[in-house]
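The following exercises are meant to be worked through with the sequence and the model in view. Each task is followed by a solution that goes step by step.

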Amino acid sequence: MKTTLWKMTLLLGIGIAPTAVSEDLAAVIQASFSDRGQATLLRLEQDPLQQHCSQPRDQPVDDEIAMALRQQRLDAVVFPADGDFLGDWQRGATVAASGRGLQFNDDPSIANGGNCYACHQLAPSEVAYGTLGPSLTQYGLRGQSDAMLRYTWTKLWDTHAFNLCSHMPRFGAQKILDEQQLKDVMAFLLDPNSSVNQPTE
Amino acid sequence: MITRWCLLWLAFPAWADEGVFDQYRDLMGDDNPAIFVIDEGEEFWYQSQGPSGATLEACDLGLGAGVTRGAYAQFPRYFADTDRVMDIETRLIHCMETLQGRDRTVTAAKPYSLRGDFGTELEALVTWLAAESEGVVIAPEQGHLKERAMYALGEEIFFYRAGPHDFSCATCHEQSDKRIRLQQLPNLTDHHDAADAYGSWPAYRMSQGLVRTMGWRLQDCFRQQRWPGLTFGSEVSIALQTYMAVNAAGGIMTAPGLKR
Amino acid sequence: MAGRIKIRAQKKGEMTEVKALMRHPMETGMRKDQAGESIPAHFITDVAVLHGDQTVMQAHWGAAVSANPFLGVRFQGGQAGDAVRVVWTDNQGGTGEGETTIR
Amino acid sequence: MNKTEKGRVSRRRLLNWVALLSTAVALPARAWAAVTRPDTAFGATALDQALMALGETPTRHEGVIFTTPDIAENGAVVPIRVEVDQTVLPNVSKVYVLVEMNPNPLAAVFDIASGTEVYIETRVKVAQTGDLYAVVESDGQLFMASRETKVTLGGCGG
């Protein structure tokens, strides 16, 4: 019981993250990189989630810490201010196709892309899709119930709320995509007219 | 001067053409412009340069002064004269400094071609030295304590997630038979994929018309991971090359490869 | 020094097949370098393939031919040991040449 | 998935690329270069403009055998092959290669000497997905074949 208590107090003050990473690793990493435009060394300092998810796959995972982290991610999700989840699916298609944004050679004034096609199949007409993530073709068949809207929005905002240590970026939580872009991607996935939901010819 | 005239047969690693580009690769055939870069690298090796006017023929790449056949396949490795584990790129810069008297801040300032360049001295030297290991078994030295420590550091970095997208190398390179868009991704934790991938660098990149080295490959990967700039010849670069080379050990060097 | 060309010339039945790889950047003039300066157009404009002193094929190229250009041609006849030569000139007055014998 | 690699063979001794740098030789190329280069066609910025500059609009002909990849791993290097079935399309003296979506569609012109097979292999840049054209001239008439090549956005970034 004592250790669980210790872990709970530790996690309540989530700021004090378990130092999963050895000091000299952080030092070596800092010494091996240099600021380049918008990509500064600050980006190499890990938050608790990144630290927790940096273990090589086979290392045992402490369930309590994992549960707490997941809950903390879920609680931090910010839903659309006006309660409207769906934007314009054509703009969403552009966000899904663009891999630009936040690289040191990218222009910070230009909107970031979501690069969804890098890892997912979406519109059946697009042959250049990745397979790191599951196919999302015909995602619209899932319908637009409130639960489905909230689930999909959370997956985009911070997928770790459901799938801790997933490889998918936290598009909302890490401010990669803004609220309107997220709404447009939601439409790209859920709008029946979207190319994602057209039959494969 | 031995003019390298024998054609290099390119073994296309299985993961490089998972069907969708077979037709493209068949039509391409085996004519790889890296052949020119091999010759240019050989010429730089025998060219006297720097204040001392020496060539690189006395450079010790781990198998004795001037021995190039099979040297690349045993990198990264520990060198007593520098008391450091070095990759082939930092070792070449070391030889330019110690043998030719050339200033390291100049030789290491621009190791890789920028857009509009048509190949650098370092890229050519590394390409020739890789060709000198073509067909040789990948066998990075792991006998020294520092070499083993470099592998452990490489593994830790491989899984280190950071930056706005929480990307680590493992994000893309720890699963088999996956791809980003149509670009196959080798699972670098798997011996077969690691051997195919590691053994095929340096490689001629069609999209740029240049042969690119593994050092450049890591720099450009980190750019796309949204990390800051990886410093040339840094611990992280050498550690990751060590991690890949050890995972690839036993495989065969096929470089220079032919890639997108 | 003239640009390098690597050539293979091989009998294929009663024909000879020539494959040539040329060392050239083939810049279109539409690209910008890292510093944002435009990279001047620099591409092969004319190529000739010769069997002995007889011209087998001549070509005019634009900048859309890929960097380090590849050219494959076939012609009737040609015996093992015959000389096959490829020459090119580019829009900056540069030249390239290479020679081999039919195998 | 891992089908056997294609021919993992160590260095091939069979094919012999020889680069003999012959001494300065009177370059025949310079002599005919300036005369016959179709500069207007090369300068054209649209496909029909380029075709008009070459003569009339070519008619499709199945004698033109045009091999291109359906999908290119990269638009900077797209291998193509132009051949002709001489039995149905004899006396071909010129081959033109055009890439519809390029800023300047005309990529290359090949003059075929008599006795030379109509067999051209080269690699061209393709700006974006679109049609590639092989046009041949036979007895003053233009014939053509075209094929679409998909150029995909590669790599991780975009």
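**Exercise 1. Describe how helix H8 of chain B packs against helix H10 of chain B.**

Begin with the geometry: H8(B), residues 191-199, and H10(B), residues 235-248, pack at an angle of about 120°, and their axes are 7 Å apart (axes are lines fitted to C-alpha atoms, for helices over the stretch in contact, and angles run from 0 to 180 degrees between N-to-C directions; helices are DSSP runs of H or I with at least four residues, strands are runs of E with at least two, and both are numbered from the N terminus). H8(B) is therefore oblique to H10(B), given that angles under 35 degrees count as roughly parallel, over 145 as roughly antiparallel, 65 to 115 as roughly perpendicular and the rest as oblique. Next, list the residues: H8(B) contributes His191(B), Ala194(B), Ala195(B), Tyr198(B) and Gly199(B), while H10(B) contributes Met244(B), Ala245(B), Asn247(B) and Ala248(B) (contact requires C-beta atoms, placed from the backbone, within 7 Å). Finally, sort them by class, which gives six nonpolar, three polar and no charged residues (Ala, Val, Leu, Ile, Met, Phe, Trp, Tyr, Cys and Pro count as nonpolar, Asp, Glu, Lys and Arg as charged, and the others, Gly among them, as polar).

The model is predicted: local features need pLDDT of at least 70 and side-chain atom pairs pLDDT 80 or more, whereas totals for chains, interfaces and linings use all residues. Residues are numbered from 1 along each chain as its sequence is written, and chains are lettered from A and ligands numbered from 1 in the order in which they are written.

**Exercise 2. Work out which elements of chain A touch chain B.**

Start with the totals, which place 38 residues of chain A in contact with 33 residues of chain B. On the chain A side, helix H2 (23-32), strand E1 (33-34) and helix H6 (116-119) each supply at least two residues, and H2(A) gives the largest share, with five residues. Then look at E1(A), which is joined by two bridges to the antiparallel strand E7 (residues 229-230) of chain B (strands pair if DSSP finds at least two bridges between them). There Phe33(A) has Leu230(B) as its bridge partner.

**Exercise 3. Trace the order of the strands in the open sheet of chain B.**

The three strands follow the order E6-E5-E8, with mixed pairing. At the edges lie strand E6 (210-212) and strand E8 (257-259), each pairing on one side only. Strand E5 (residues 203-205) is antiparallel to E6(B) over three bridges, and Tyr204(B) stands opposite Val211(B).

Key
Contact = placed C-beta atoms within 7 Å.
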